[in-house]
Amino acid sequence: MMVSEYLKQNTAEYHDAAEKLFNSEKIFNKTFTLEDYKKIISTNYLMLLHSENRIFDSLSDKFSEKLQLSNRKKLHLIEKDLESLALKNQSASHELEFSNENEALGAMYVIEGSTLGGNVIAKQLSKTEGFDNVTFNFFGCYQENTGSMWKNFKEVLDTEVAEESYDEVLSGAKKLYTFLLNVN
């Protein structure tokens with residue numbers, strides 16, 4: 001089994017919990033409100049604030065190149081969303097540490113995976129009443145390249161991560177999910 005499959009299977013309960021936390025079902029029946037959106041943005045902001053630089057600093061040059069890391073930075077995008085929603089920037093308050101490169105890749109799996117849902121959310125909400133003036137900088141981060149950016153991420157992961165490291169990668173993914181689910 002490839003590591004991306006292994007992660008998908010072993011983080012399914014966390015993924016479901018995150019969808020519940022963010023009232024995701026309301027997005028599709030159009031009862032999702034601007035307050036719901038503010039919650040989703042501020043929680044994702046705190047996640048990125050505490051993890052993005054740490055993840056990127058933990059990855060070797062090999063990964064910066066293969067994953068085009070400079071195109072995957074999202075903290076500055078979500079900061080634009082905060083500003084447009086009149087939410088305040090914060091400073092990192094929790095210690096979120098990744099022990100090694102594999103854990104950092106696992107955490108990155110959670111963030112990159114969220115861009116798939118984010119793209120769908122942005123499309124859906126832009127058709128929802130009350131969201132006319134909302135800019136989706138974070139959720140729309142990859143625009144029409146969302147699918148190929150995710151595919152590239154999974155391919156690099158599946159090619160580079162050896163089976164004996166799967167549990168470390170999973171540990172990083174669980175760390176970030178746990179943070180996301182408990183940060184508020």
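Analyst: **Helix 7 and its surroundings**

Helix 7 gives the lining of the largest pocket its largest share, nine residues. Helices here are DSSP runs (H or I, at least four residues) numbered from the N terminus. Please keep in mind that this is a predicted model, in which local features need pLDDT of at least 70 and side-chain atom pairs count only at pLDDT 80 or more, while totals for chains, interfaces and linings use all residues. Residues are numbered from 1 along each chain as its sequence is written, and side-chain values use heavy atoms, with hydrogens and water left out.

Let's stay with the pocket. On a 1 Å grid over the protein atoms alone, a pocket is an open set of points with protein on both sides within 12 Å along at least five of seven lines, a cavity is a set where a 1.4 Å probe fits but cannot get out, and lining residues have an atom within 4 Å of a point. The largest pocket holds about 690 Å³ of space, a volume being the space filled by probe spheres set on the points, which are joined across faces, edges and corners. Its lining is made of 30 residues, and those nearest the centre are His15, Glu19, Gly113, Ser114 and Tyr177. Besides helix 7, at least two lining residues each come from helix 1 (3-10), helix 2 (12-21), helix 3 (24-28), helix 4, helix 8 (146-160) and helix 9 (166-182). By residue class, the pocket lining has 17 nonpolar, nine polar and four charged members; Ala, Val, Leu, Ile, Met, Phe, Trp, Tyr, Cys and Pro count as nonpolar, Asp, Glu, Lys and Arg as charged, and the others, Gly among them, as polar.

Around the largest cavity you will find Leu48, Glu52, Phe56, Arg72, Lys74, Met108, Ile111 and Glu112. Helix 4 and helix 7 (101-125) are the elements that give two or more residues to this lining. Four of the cavity's lining residues are nonpolar and four are charged, with no polar ones.

Next, two residues of helix 7 itself. Glu103 belongs to helix 7 and is buried, since its relative accessible area is 7%; buried means under 20% with a 1.4 Å probe and protein chains only. Leaving out residues up to four places away in sequence, Glu103 touches (heavy atoms within 4.5 Å) Glu97, Phe98, Glu168, Ser171, Gly172 and Lys175. Gly106 is likewise found in helix 7, and it counts as buried because its relative accessibility is 0%. With residues up to four places away in sequence again set aside, Gly106 touches Val169, Gly172 and Ala173. For a sense of distance, Gly106 and Leu180 are 74 residues apart along the chain, and their C-alpha atoms are separated by 14 Å.

Finally, a residue from helix 8: Leu157 lies there. Beyond residues up to four places away in sequence, Leu157 touches Val3, Leu7, Leu105 and Tyr109. Leu157 and Asp57 sit 100 residues apart in sequence, with 17 Å between them in space, C-alpha to C-alpha.

How values were computed:
Buried means under 20% relative accessible area, exposed over 50%, partly exposed in between (1.4 Å probe, protein chains only).
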